[in-house]
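Here is a short tour of a single chain, meant to be read with the structure open beside you. Shall we begin with the charged side chains and work outward from there?

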Amino acid sequence: MLRFEFGDALNGNMNVFRKPSLYMPNPHPLVEAFNKMVEDDLYKFYDSKRACNVNNKVKYNLNDKELALKSLQADDSIMIRPADQGGPIVFLDRCDYIRNMNRVLSDDNFYCCIDLDKIHLLHGRVLFMLE
């Protein structure tokens with residue numbers, strides 16, 4: 001059945017598929033130049049990585065300002081916070097920041113201490129209202 005479907009039953013030719021082409025296009029000089037440049041860049045990249053690992057040197061891709069900011073972020077005595085308005089950041093002494101936050105939170109005119117059971121009750125009410 002398949003023979004009649006895919007083959008030429010009258011002539012006896014059963015080969016449906018063509019032979020693969022042996023045509024090989026001539027390479028364009030610009031393509032060859034591009035391939036050579038990419039290959040050279042890859043070898044340079046590989047060699048630089050290998051040299052970096054041999055010398056155990058770390059190459060940073062950050063500029064001086066970014067490196068300075070990273071070192072300040074690593075300093076535990078400094079707090080870096082966004083400013084109240086706008087986009088700038090503020091650097092604060094950690095001890096002063098914690099002291100001022102405790103002073104603000106201990107002001108009974110604005111904040112008060114709430115029992116944990118009352119928080120759970122209010123949380124349940126809010127969830128009920130959301131449903």
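Which side chain meets that of aspartate 40 in a salt bridge? The partner is lysine 36, with an N to O distance of 3.4 Å. Please keep in mind that this is a predicted model.

**Salt bridges**

The aspartate 40 and lysine 36 pair sits within helix α2, which covers residues 29-55. The two residues are four apart, about one turn of the helix. A second pair is found in helix α4, where aspartate 96 and arginine 99 are three residues apart, again about one turn. Their closest N and O atoms are 2.9 Å apart. The count of salt bridges comes to two, and here they are side by side:

| Salt bridge | N to O distance |
|---|---|
| Aspartate 40 – lysine 36 | 3.4 Å |
| Aspartate 96 – arginine 99 | 2.9 Å |

How covered are these side chains? Aspartate 40 has a relative accessibility of 32%, so it counts as partly exposed. Lysine 36, at 46%, is partly exposed as well. In the other pair, aspartate 96 is partly exposed at 34%, whereas arginine 99 counts as exposed because its relative accessibility is 53% and the cut-off for exposed is over 50%.

**The hairpin**

Now have a look at the two strands. Strand β1 (residues 78-82) pairs with strand β2 (residues 89-93) in the antiparallel sense, over five bridges. Within this pairing, isoleucine 80 stands opposite phenylalanine 91 of β2. Six residues lie between the strands of the hairpin, and glycine 86 takes a positive phi near 85° there.

**A nonpolar patch**

Met101, Val104, Leu105, Phe110 and Tyr111 together make a nonpolar surface patch of about 500 Å². Where in the chain does tyrosine 111 lie? Its place is the loop between α4 (94-105) and α5 (116-130). Tyrosine 111 is partly exposed, because its relative accessible area is 40%.

**The chain as a whole**

Stepping back, the chain has five helices and two strands. Read from the N terminus, the order of elements is α-α-α-β-β-α-α. Of its 131 residues, 2% count as buried. The accessible surface of the chain is about 13,200 Å², and carbon and sulfur atoms account for 60% of that area. As for contacts between residues at least 6 apart in sequence, 0% join residues at least 24 apart.

Definitions and conventions
Residues numbered from 1 in each chain as written. Predicted model: local features only at pLDDT ≥ 70, side-chain atom pairs only at ≥ 80, totals over all residues. Heavy atoms only, no water. Pairing = 2+ DSSP bridges. Patch = residues over 30% accessible without salt bridge, like charges linked within 9 Å, V, L, I, M, F, W, Y side chains within 5 Å. Areas by Shrake-Rupley, 256 points an atom, 1.4 Å probe, with all protein chains shown as cover. Salt bridge = Lys/Arg side-chain N within 4 Å of Asp/Glu carboxyl O. Buried < 20%, exposed > 50% of the residue type's maximum accessible area, 1.4 Å probe, protein only. Contact = heavy atoms within 4.5 Å.
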